[in-house]
Amino acid sequence: MSGPSDYQPSNPALQWIERRLPILGLMHSSFVVYPTPRNLNYWWTFGAILSFMLGIQILTGVILAMHYTPHADLAFKSVELLVRDVNYGWLLRNMHAVGASMFFVAVYVHMLRGLYYGSYKEPREVLWILGVIIYLLMMATGFMGYVLPWGQMSFWGATVITNLFSAIPYVGESIVTLLWGGYSVGNPTLNRFFSLHYLLPFLIAGVVVLHVWALHVSGQNNPDGVEPKTEKDTVPFTPHATIKDMFGVSCFMLLYAWFIFYMPNYLGDADNYIPANPGVTPPHIVPEWYYLPFYAILRSIPNKLAGVIGMFSAIIILCFLPWLDAAKTKSSKYRPLAKQFFWIFVAVCILLGYLGAQPPEGIYVIAGRVLTFCYFAYFLIVLPLLSRIEKPRPVPNSISDAVLAKTGSRSTPMVSSAIVLALAGALFAGSADSARASEGSDKPPGNKWSFAGPFGKYDRGSLQRGLKVYKEVCANCHGLSYVAFRNLAEAGGPGYSVAQAAAFASDYKVKDGPNDAGDMFERPGRPADYFPSPFPNEQAARAANGGAAPPDLSLITKARSYGRGFPWFIVDFFTQYQEQGPDYVSAVLQGFEDKAPEGVSIPEGSYYNKYFPGHAIKMPKPLSDGQVTYDDGSPTTVAQYAKDVTTFLMWTAEPHMEARKRLGFQVFIFLIIFAGLMYFTKKKVWADSH
Amino acid sequence: MNPDASTIAAGAPIEVDLSPVAEGQDIKVFWRGKPIYISHRTKKQIDEARAVNVASLPDPQSDEARVKSGHDQWLVVIGICTHLGCIPIAHEGNYDGFFCPCHGSQYDSSGRIRQGPAPANLPVPPYQFVSDTKIQIG
């Protein structure tokens with residue numbers, strides 16, 4: 001991409017192609033001999049990481065689309081069956097869902113790197129604007145992808161976001177109708193979102209080609225912000241940048257694999273394991289984490305139209321960055337004030353993200369307004385002002401000078417940024433406390449689960465006992481509709497033989513038909529049948545249970561959660577704690593109390609439960625000591641029943657958990673060795689260049 | 001990309017029988033995929049809705065303009081919060097009306113916005129009384 005190449009392949013067949021289509025020469029000049037500044041640091045590997053993530057997302061997405069059904073009645077089920085029945089379907093889905101988050105992690109680092117080192121400045125304005133366009137396309141793609149599983153958060157997220165457009169005067173309502181294809185979010189909406197979600201990644205890939213093209217015309221920026229002048233300032237792309245990027249990508253994959261194999265639901269929302277229901281709004285509608293700062297800006301502006309404008313201009317303003325910041329010095333390394341404001345800006349973005357996940361009340365609203373002001377002030381006041389008043393430190397003459405000087409001086413500690421981060425931390429802690437105080441229900445106590453941690457396995461005895469408790473107690477009201485009898489004999493499950501599973505199935509009566517006479521009939525269950533539901537439909541379930549339909553239990557341990565608050569959600573990332581669901585289910589089963597404490601009134605037909613949100617639960621106390629007999633001598637207490645049935649329900653929600661953690665361990669061993677090899681190869685390749 | 005013919009056909013007017021709805025109760029029916037609240041308001045709710053100074057409201061509209069005269073006890077509104085489209089809960093909030101759990105908007109017993117980020121009152125769908133106990137929505 002940088003001028004005609006003089007590359008000539010030695011193979012005659014390749015020469016024949018090269019004369020007709022000089023694609024090898026193009027590749028050679030762009031990715032082999034292309035000169036890259038020799039002072040690039042690891043923040044520059046995120047371009048390669050992003051290309052890698054785009055490739056992963058397209059590849060897994062195309063395979064997922066082969067198994068997915070874009071229909072309002074079938075989408076949720078098709079995703080569940082994909083995870084359960086398709087070979088490595090759980091891996092594909094985790095890679096794609098976590099991959100979206102990782103894509104945004106990488107893009108935010110990439111953007112902040114550009115911001116810090118002034119990569120948007122002359123002559124790279126078009127390069128930067130193309131990047132903002134890619135980011136916008138990514139946001140649209142990510143949003144539409146989140147709608148496809150058709151869970152509660154998918155549906156209500158789609159409702160809230162599409163309604164943003166109704167704020168536009170005159171044409172807003174018709175735009176919303178066009179997005180919906182109906183009078184509300186529904187099946188036509190899902191269909192068009194699926195189509196667009198498949199299309200947009202290829203548009204992104206196209207703009208990425210333009211982005212790389214523009215990059216190779218203007219050349220890469222570098223940490224010192226001085227353009228390469230002589231041969232000595234650059235190294236060839238291959239092997240130097242290639243091997244460094246490979247090392248960067250393999251380190252990034254370690255983080256990616258941590259989520260895929262050990263905490264795939266950490267970044268998601270438990271509500272999205274509840275099928276979409278247009279008649280019930282979840283109490284907190286929260287977008288995916290990567291939209292949270294913009295969601296916070298939207299909510300902090302009290303006027304609806306102004307809020308929408310504020311949110312969109314928070315992104316569009318990036319396009320004008322090359323002209324808002326007129327400072328001649330590119331890199332913040334040589335701009336003492338800009339450097340400090342940069343870190344303040346990062347803290348503002350993180351805090352806005354935190355506020356976006358909090359309910360919009362009290363202190364959060366005020367903090368949101370202050371931070372929204374700070375966000376825009378950085379672009380509209382601080383940067384234009386700094387370019388006039390700041391006295392930058394002298395920049396080195398050339399890149400090679402900078403590389404030589406580097407061995408001597410160490411950068412001074414950034415006191416101000418430390419203060420800012422400490423302040424941010426204190427605010428986090430304080431606000432999390434007030435949030436906890438306002439919630440009211442008790443936090444479920446933690447338990448020791450056999451399936452927790454990186455080597456967790458289901459306790460077979462517990463699974464078998466839990467199945468018995470489910471069959472004798474829970475199954476009277478609760479379905480288990482995503483679990484088939486054959487699953488009982490599968491690896492990583494309760495450990496029954498195929499014959500035992502078939503015998504278990506034949507105890508059930510399953511409705512089949514119509515037969516030749518056109519009648520429905522009942523027959524004994526087969527291993528391929530699913531657990532029959534106790535009620536024919538939701539309305540019947542509702543009517544028989546005083547207005548509250550007992551939820552299906554297949555996914556209940558993933559569909560329930562509770563907020564852990566700061567700093568626990570950060571600690572949980574390292575400890576891999578993700579058993580909020582099982583802890584909650586087990587706590588609710590044991591949380592019934594005969595008498596409500598003073599000051600709590602429980603309506604007629606409801607029961608007091610210590611851990612149920614709002615405390616008034618329609619389910620009467622389901623378990624009592626000695627209710628279910630155990631053959632293996634385990635204690636027949638409520639505590640033991642709760643533990644066993646929760647373990648069983650964790651298995652119904654995550655039948656492939658053992659395979660996931662086992663494969664995860666192997667992948668980690670491989671990645672660590674691979675990253676190590678890449679590191680030492682990189683050291684060898686760069687030995688002469690530092 | 002506008003709604004197709006079957007979607008439009010499914011959005012035809014519906015008739016709702018009001019006779020089983022006792023005073024103080026309300027029902028939710030779906031029309032065009034939207035929840036419609038039909039409230040049989042009590043005397044107290046009607047009086048509250050009429051006592052307020054219309055000019056002081058964020059979206060000024062009198063209660064009389066939002067119901068059909070002669071059927072003052074019946075309030076028919078689209079149960080979609082005018083802020084960002086969540087479904088408010090009936091009989092909650094400080095104004096004997098609706099409360100939206102998403103961003104805290106509160107509507108009074110006439111479905112008018114009283115507090116919170118929503119910019120407008122709950123819209124009244126097109127409807128008419130075909131008899132004293134039956135309405136047609138649409």
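Author: Two strands count as paired if DSSP finds at least two bridges between them. This is a predicted model, and that rule can be applied to strand 2 and strand 3 of chain B, which are joined by six bridges and run antiparallel.

Reader: What makes strand 2 of chain B and strand 3 of chain B a pair?

Author: The cut-off is at least two bridges, and six bridges join these strands. Therefore strand 2 and strand 3 of chain B count as paired. Strand 2 and strand 3 of chain B also form a hairpin with two residues between the strands, where Arg32(B) takes a positive phi near 55 degrees.

Reader: How do you know that strand 3 of chain B pairs with strand 4 of chain B, and in which sense?

Author: Five bridges link strand 3 (residues 34-40) to strand 4 of chain B, in the antiparallel sense. With a requirement of at least two bridges, these strands therefore count as a pair. Ile36(B) stands opposite Ile78(B) in strand 4.

Reader: Why are strand 2 and strand 4 of chain B said to stand at the edges?

Author: The open sheet has three strands in the order 2-3-4, with antiparallel pairing. Strand 2 (26-31) and strand 4 (74-78) each have a single partner strand, so one side of each lacks a neighbour in the sheet. On average, neighbouring strands of this sheet are turned by 20 degrees against each other, direction ignored.

Reader: How many bridges join strand 9 of chain B to strand 10 of chain B?

Author: Strand 9 (residues 127-131) and strand 10 of chain B run antiparallel and are joined by four bridges. Tyr127(B) stands opposite Ile137(B) in strand 10. Strand 9 and strand 10 of chain B form a hairpin, with two residues between them. Strand 10 (residues 134-137) also pairs with strand 1 (residues 14-17) of chain B, antiparallel and over four bridges. There, Val16(B) has Ile135(B) as its bridge partner.

Reader: What is the angle between helix 11 of chain A and helix 14 of chain A, and how far apart are their axes?

Author: Helix 11 (residues 292-300) and helix 14 (residues 336-356) of chain A pack at about 70 degrees, with their axes 7 Å apart. That makes the two helices roughly perpendicular, because the range for this word is 65 to 115 degrees. Residues that meet include Leu292(A) and Tyr295(A) in helix 11, and Leu352(A) and Leu355(A) in helix 14. The contact of helix 11 with helix 14 of chain A has eight nonpolar, two polar and no charged residues.

Reader: Why are helix 4 of chain A and helix 5 of chain A called oblique?

Author: The axes of helix 4 (residues 75-85) and helix 5 (residues 89-116) of chain A come within 5 Å and cross at roughly 120 degrees. Roughly perpendicular covers 65 to 115 degrees and roughly antiparallel needs over 145. The helices are therefore oblique to each other. Leu82(A), Val83(A) and Asp85(A) in helix 4 meet Gly89(A), Trp90(A) and Arg93(A) in helix 5. By class, these are three nonpolar, one polar and two charged residues.

Reader: Is Leu488(A) buried or exposed, and what makes it so?

Author: Leu488(A) has 24 C-beta neighbours inside 10 Å and counts as buried, because the cut-off is 20 or more. Leu488(A) lies in the loop between helix 18 (460-472) and helix 19 (498-506) of chain A. Among the residues Leu488(A) touches are Pro494(A), Tyr496(A) and Phe504(A).

Reader: How many residues does each chain give to the contact between chain A and chain B?

Author: Chain B gives 20 residues and chain A gives 22 residues. The side of chain B that touches chain A has ten nonpolar, eight polar and two charged residues.

Conventions: Residues are numbered from 1 along each chain as its sequence is written. Chains are lettered from A and ligands numbered from 1 in the order in which they are written. This is a predicted model: local features need pLDDT of at least 70, side-chain atom pairs count only at pLDDT 80 or more; totals for chains, interfaces and linings use all residues. Two residues are in contact if their C-beta atoms, placed from the backbone, lie within 7 Å. Ala, Val, Leu, Ile, Met, Phe, Trp, Tyr, Cys and Pro count as nonpolar, Asp, Glu, Lys and Arg as charged, and the others, Gly among them, as polar. Axes are lines fitted to C-alpha atoms, for helices over the stretch in contact, and angles run from 0 to 180 degrees between N-to-C directions. Angles under 35 degrees count as roughly parallel, over 145 as roughly antiparallel, 65 to 115 as roughly perpendicular and the rest as oblique. A residue is buried if 20 or more other C-beta atoms lie within 10 Å of its own, exposed if 12 or fewer, and partly exposed in between; C-beta atoms are placed from the backbone. Lists of a residue's contacts leave out its neighbours within four places in sequence.
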